[in-house]
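My notes follow the display.

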Amino acid sequence: GLNGVIHKLSSVLMLARGLRRLAPVCSGNGTRFSPPSTKVVSTIGPTSEQAPILQELVSEGIRVVRLNFSHATVEEADLRMTNLRNSIGRNGGVPTNDTGGENDILRKGCIGVVGRGRNMRASLLDTKGPEIRTLAIENDTTGKETLTLTKGDMIGVKSDGGDGGLCSKDTFYVNYQGIEKVVKKGDRILLDDGAVTLEVNSITGNTVSTVVLNTGQVRSRVGVNLPGVKTGLPAMSDKDRVDIKYGIENDVDYVAFSFVRDRKGVEEIRDYIDSQVKEGEVGPLIISKIENVEGLDNFEEILDSSDGIMVARGDLGVEIPLERVTLEQKNMVSRCNEVGKPVIVATQMLESMTKNPRPTRAEVSDVTNAVLDGADAVMLSGETAKGNYVVETVNAMQSIISQTERWVKEQEGRKSAYVHEGGEDCEYNSVAKAAVAAAQASDAKAIIVLTKTGRTARLISRHRPDVPIVCYTNSYKVGRQLQLYRGCHPVVGLGDLNPNERGEEAAGLTTEMGFLVKGDSFVMVQAEKTNRDGKNFIGMKIGVV
């Protein structure tokens, strides 16, 4: 059984000193393919949604496409999903003959597309969330007018009461009912990501009297932040429910939830997803966005109940002092690494490339530090949704990641990050840790994982190996949901073969795709059932091409 295998791991590791050959496999073309371990999440918008440009982004190596439902319509989302799934990845599986049965297609396998246009890039639906906004300003017939607020002015802030009041220099209406009940004297109200800051002076009836702290211009329907204030807003808005239902019907892989505040909110969201997923189907994973003080205060329980975390630095930088954002980022990334859950660092990573062909030095440092911190993925927002240099931005991001990972690998004495080994996964985690140790000891160029659910691959990723984890699975959904995990490169196929054939074929396909070349060693991890009692058995092999 599994316990017996674990007790023998030390002897298995000794194989690294005298590598046992598997059956001969293909030698590839002699050029090793070593993609970055840290993934790129790219927001698709008006400047990147058309098929030719989206194909270029896929070719540049994006792994996850973000659909921002704060702005996207259903028609726009349909277009973006269609063009994504029609894009072709680096290794396209094709039928082995004119008729090309499904088994032939699956046996061919690929990292980007498997036969008939099935793209392995994942999709992430980002919800709008229950946000607070101002109403329209008076005399704004075009939606582009602005209202100038001057430092020292007194402004009353109140709920709209459902009568659609217009904002003026004297009164600002917000769509949050009961704002006067949650703020107190001295609290700050930030308009439009802090473009204008108001300070609460007094509260009379349903009017919050404030003073303007800085001069600035405000448009209609801008966002409102109440730093440090517990708002009591629901976990999901009605729009969120509609959007999530659309995402499930269109097989999105992740749902990112905005303004998550506590475990209860995550559980409410999960219950709703479960109620919409058909029996026998796999629903999207939950990525909780940490972007307010409540989310930070309750981070541990949110992490425990989520499938992954997004460090959403935009709103977070408005809610907390800016000098704390980087420190909180490092803490959240570290905790996600410890428990083995993927973490995305997001917002303004290469913001200047929205208008310029080159990033600033500070932006390069920002991406570099996110990779050094241990982020599974880094995200591009407006840079690829509405920028002028969409392809150049992804190329720059990939270059920064590659250079940083190369530097880390070259440092003497650097080991894989220590990971938490407790919990229900501890036995499988021991095998995963042993596989990474074996890869380091044998100077392996890849870890090959044959997995049904993706669990073994996720655990190996948890130990941060510095070589690709090539994950073979029979499920497109499992494959796409592995895309966020650091170092994991999913391949769909080989399900029609028996266990003995699967290992040999996987080694051959991994070589064909360029992860291995002749003379390279590799580690293979494969979960099987024993013939005798049907119990799970995890085997680890070390081989040479």
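Entry 1. I noted first that the model is predicted. I checked the length of helix H13, residues 361-373. At 1.5 Å a residue, its 13 residues should span 18 Å, and the end C-alpha atoms are 18 Å apart, so the two agree.

Entry 2. Which residues of H13 are buried? I found Glu-363, Asp-366, Val-367, Ala-370, Val-371 and Asp-373. They cover an arc of only 165° around the axis, so they sit on the same side of H13. Arg-361 and Ala-362 are exposed on the other side. I then looked up what the buried residues pack against: the partners include helix H11 (313-319), helix H12 (322-339) and helix H15 (390-410). Strands E19 (343-346) and E20 (377-380) are also among them. Just after H13, Gly-374 has a positive phi of about 115°.

Entry 3. I turned to salt bridges and got a count of 27. Glu-249 and Lys-245 form one at 2.6 Å, N to O. They are four residues apart in helix H7, which means about one helical turn. Glu-249 is exposed at 55% relative accessible area, while Lys-245 is partly exposed at 35%.

Entry 4. I looked at Lys-477 and Asp-251, which meet at 2.7 Å, N to O. Lys-477 is in helix H18 and Asp-251 in the loop between H7 and strand E16, so the pair ties together parts 226 residues apart in sequence. Lys-477 is buried at 8%; Asp-251 is partly exposed at 33%.

Definitions and conventions. Residues are numbered from 1 along each chain as its sequence is written. This is a predicted model: local features need pLDDT of at least 70, side-chain atom pairs count only at pLDDT 80 or more; totals for chains, interfaces and linings use all residues. Side-chain values use heavy atoms; hydrogens and water are left out. Helices (H or I, at least four residues) and strands (E, at least two) are DSSP runs, numbered from the N terminus. The expected span of a helix is 1.5 Å times one less than its number of residues. Buried means under 20% relative accessible area, exposed over 50%, partly exposed in between (1.4 Å probe, protein chains only). The arc is that of the directions from the helix axis to the C-beta atoms. Contact means heavy atoms within 4.5 Å. A salt bridge is a side-chain nitrogen of Lys or Arg within 4 Å of a carboxyl oxygen of Asp or Glu.
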